[in-house]
Amino acid sequence: MNYLTEMYVKASTRVGGLLKNERGSQTLEWIGIAAVIVILVGLVSTAFGDSDLGGTIIEKFESLLDKMIK
């Protein structure tokens with residue numbers, strides 16, 4: 001029984017240490033931010049490409065700028 005208690009204490013100490021270890025969390029946050037930026041750049045490049053959606057967005061921006069200038 002003493003052996004089982006010793007193994008339990010070792011396992012719970014190791015698991016507790018792993019749960020308190022947050023060294024990789026900041027790296028994961030930066031990877032998530034980078035992924036969002038890549039997705040946004042992809043969406044913007046697709047929108048301003050030669051597609052119909054890009055042309056529509058460009059026309060809306062041009063009309064908005066024309067209204068602001070006049």
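This is a predicted model: local features need pLDDT of at least 70, side-chain atom pairs count only at pLDDT 80 or more; totals for chains, interfaces and linings use all residues.
Entry 1, surface patch. I looked up the nonpolar surface and found a patch of about 570 Å² made by Phe61, Leu64, Leu65, Met68 and Ile69. Patch members have over 30% relative accessible area and no salt bridge, with nonpolar side chains (Val, Leu, Ile, Met, Phe, Trp, Tyr) joined within 5 Å and like charges within 9 Å. A salt bridge is a side-chain nitrogen of Lys or Arg within 4 Å of a carboxyl oxygen of Asp or Glu. Areas come from the Shrake-Rupley method with a 1.4 Å probe, and for residues only the protein chains shown count as cover.

Residues are numbered from 1 along each chain as its sequence is written, and side-chain values use heavy atoms, without hydrogens and water.

I placed Leu64 in helix 3 (residues 52-69). Leu64 counts as partly exposed because its relative accessibility is 46%, between buried (under 20%) and exposed (over 50%).

Of the 70 residues, 3% count as buried.

I read a mean pLDDT (predictor's confidence in each residue, 0 to 100) of 77 for the protein chain. Confidence is lowest in helix 1 (residues 2-20), at a mean of 73, and highest in helix 2 (residues 25-47), at 83.

Methods. Helices (H or I, at least four residues) and strands (E, at least two) are DSSP runs, numbered from the N terminus. Buried means under 20% relative accessible area, exposed over 50%, partly exposed in between (1.4 Å probe, protein chains only).
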